[in-house]
Amino acid sequence: MAPVSIEPFLKGDTGRNTRGLLRLIILCTIAGAAVASRLFSVIRFESIIHEFDPWFNFRATKYLVQNGFYSFWDWFDDRTWHPLGRVTGGTLYPGLMVTSGVIYHVLRLLALPVDIRNICVLLAPACSGLTALASYLITSEMTTSPSAGLLAAAFMGITPGYISRSVAGSYDNEAIAIFLLVFTFYLWIKSVKNGSAMWGALTALFYGYMVSAWGGYVFITNLLPLHAFVLICMGRYSPRLYVSYSTWFALGTLASMQVPFVGFLPIRSSEHMSALGVFGLLQLVAFVEFIRQQVPNKQFQTLLRALILVVFAVSVGGLVLLTISGVIAPWSGRFYSLWDTGYAKIHIPIIASVSEHQPTAWPAFFFDLNLLIWLFPAGVYMCFQQLKDEHVFVVIYAVLASYFAGVMVRLMLTLTPVVCIAAALALSSILDTYLVAAAPEPSSEVNGQPAGDSTKAVALAVQDSLRSTRRPVLGIYSYLSKALVSAVITIYLLLFVLHCTWVTSNAYSSPSVVLASRMPDGSQHIIDDYREAYYWLRQNTPNNAKIMSWWDYGYQIGGMADRPTLVDNNTWNNTHIATVGKAMSSREEVSYPILRQHDVDYVLVVFGALLGYSGDDINKFLWMVRIAEGIWPDEVQEREFFTARGEYKIDDEATPTMRNSLMYKMSYYNYNSLFPPGQAQDRVRGSRLPAEGPQLNTLEEAFTSENWIIRIYKVKDLDNVGRDHASAVAFDKGNKKRKTAKRRGARVLRTE
Amino acid sequence: MAPKRQPASSTLQSQSQSQPQSTATSSLTSAFTPTKPSSSSTAYSSRPNAVTDAQQILDGLWRNYLKETPQRVKLIDTFMAFLVLVGGIQFLYAVVGGNYPFNAFLSGFGATVGQFVLTASLRIQCNPQNRKEFESISHERAFADFVLGSLILHFFCVNFVN
């Protein structure tokens, strides 16, 4: 009798409530799953901040929590970019730190004293739960089918494309920015649909929050105007569009200017000009519409078109003119590299050197999105079929984001939401068609009759031989096909879940501060060289000892070792980075004055040859050379580091420039003492090293970590007796050798 | 639709007819009649008439506006005109006298533009002709939205003014 007792819950008013409750429970479960699948790294390793950039965010958050908001705002950091320092408060996006600061204080208020580190580690997973919710909301605006939203939420929750930036511990700007992106889009759709200034104002508020959180806000700044512009061009101008867009632009621009780092950019830089242009256009269109209402006249149609064209031409011309004359800042380098993928490689090696700025390899799409990537076009096609204002938005978003994701690996993140939405639309319509147990009502056939007349006529005109065109099928009758399709879809979905879990656990859950390897017996072995070395620095060096390393490790040294660094991952000063690159790639005699001039006390290199850790400095070395060459083309030449056959070698065939460079010497110093003579092996490059290791004169080895991943060298002071370092070392090493040389010389003299 | 078919020669006549007529009869006809002839005239007539035509259009527009618009909406329009004026003065000052405290100029100018836009939104939402576009928004709701938007706007402006 169970069906009877369930019956009243599924029909009528109670039924709606039951379904609402169910939906809520499902959403909560999805959010739970989204959070849970991001916790691999916490469970496997520990609650630790990952990678590079998050360490800076973590350090800034600690500063904010300790010193309060105002001193955070005015923070001048003299412990980075030595000797320049950095106006940190004015050059960061404060949204992330302020968010976790607020959470920290709220929890304190509730007598839940949670460590700030745990808040930072778990912020990204928490936000991913919210993102799932936001994608449910935005998808529900697109379609009437209730399952689409839930599917979108589920996809968004576990897609590797999004997980890649939001596992626990990856405390980066993207952690909250993607939630804000999706939610801002939802509010925008809502405000275009209703034409309500309130939704428009909310869009502006969340847009402002987004601006304070991530530099990727420019995507919204250009997407919303483009949506409005396309709608106008399609002849779909409506007062609703005017209300929502104007409200968003007026409030949103002011909101974005509140962030010191953005400042006057919204009215100065070209990236923001499209929003301004469309705003002006919309005012004109609204004005013309207003007049047309007063004066109903056919001519105004043509007048309107002419006006739009003229104004567009004038504004683009004006924009170009202003850009040329320098009133508006020209497009920034990162932006150019979006249009011309080769641009960065030629002009700005520092941008090209970052791995996440590389163009996407095509398997990455499948790796990150799996079955969604082939459902995506179907979903976009379905949007074309309905093509209401909100569907136009999805189509534009899809086109733009696909392009950008192809250009830069990192922008896969902006593609993921629209892929989830479109795929959910496609899949839900399949499920809605095939999962209905009852056969289609005969009425549908009756319905189809009048509608079918035209199709019939067409079909007759085209060809009579195809059965399907003669009698249009309106629904699925056979249980077999229903069961088959449902089963296949279910299998695909299960595979998707398996794939997502596998990718998350294998590819995206490594903190990259702590490395894991497997012992022969299958047990896990943790390689903790980074923290070992950073802790050594913290314990054994004076508080203001300056550490020089390649910029990748700047934030980690600042965060974990708490020592001043020369350059870090905030790559704002290319020359300073090039200086470090030059010091690394030159001979000791050239490097030593540079080190002295910059007060360097210790030099840190990452060396993976013993362990086979491929992300080490020798592999990054060519970028140092290239960046240094960009500033000093006469002193550092990339060609000199390649052998005559154009190979990058570190063994006997290595060029003298390579073997004399500071980086090479620091990496392989004393390395062959680990092996029997002449057997020294580099496990990353897979080659045998020269029998005789390099000799260091101006630096001395201070620390080498357990697996030799981190090597720290102390810069020697000037010699007490005033000799140069080479002769001092030679003297220390072989008093005897020099004497014998002298003696030999004397003997020669005597024989003559 | 009859007036549309009339030849150009009858323009003046119909124009003179329409004015007394519109004062007496329903507003709907008055909204249409003054303009119809002008369309036909611009369509058929040659150059010399264009200036007078434009004048007629503007004239009809203005008269129509005065007649059609409710008192409250006129109040809103006055406010918008005031904002345009203030914005224009600020802009002129920035061009002539320099925009030295750029923050101050921006927030002042932004406040006028933003307020103008918000008021225009309010006006559009309250326009009975747009009723079917804004089914979910009553006049009270529109006003509440307007207040909310203005509050946010002026908060940002004051925060930005330095």
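**Two chains and one arginine**

Trainee: Leaving aside neighbours within four places in sequence, which residues is A:Arg79 in contact with?

Mentor: This is a predicted model, where local features need pLDDT of at least 70, side-chain atom pairs count only at pLDDT 80 or more, and totals for chains, interfaces and linings use all residues. Residues are numbered from 1 along each chain as its sequence is written, chains are lettered from A and ligands numbered from 1 in the order written, and side-chain values use heavy atoms, without hydrogens and water. A:Arg79 sits in the loop between α4 (53-73) and α5 (95-109) of chain A; helices here are DSSP runs of H or I with at least four residues, numbered from the N terminus. Contact means heavy atoms within 4.5 Å, and the partners are A:Arg59, A:Asn543, A:Asp562, A:Arg563, A:Pro564 and A:Thr565.

Trainee: How much area do chain A and chain B bury between them?

Mentor: Start with the residues: the contact takes 35 from chain A and 41 from chain B. Buried area is the accessible area (1.4 Å probe) that two parts lose on being put together, summed over both. Of this area, 69% is on carbon and sulfur atoms, and the total is about 3,200 Å².

Trainee: Which element gives the largest share of the side of chain A that touches chain B?

Mentor: The elements giving two or more residues to that side are α10 (197-213), α12 (239-256), α13 (265-268) and α14 (273-294) of chain A. The largest share is 10 residues, and it comes from α12(A).
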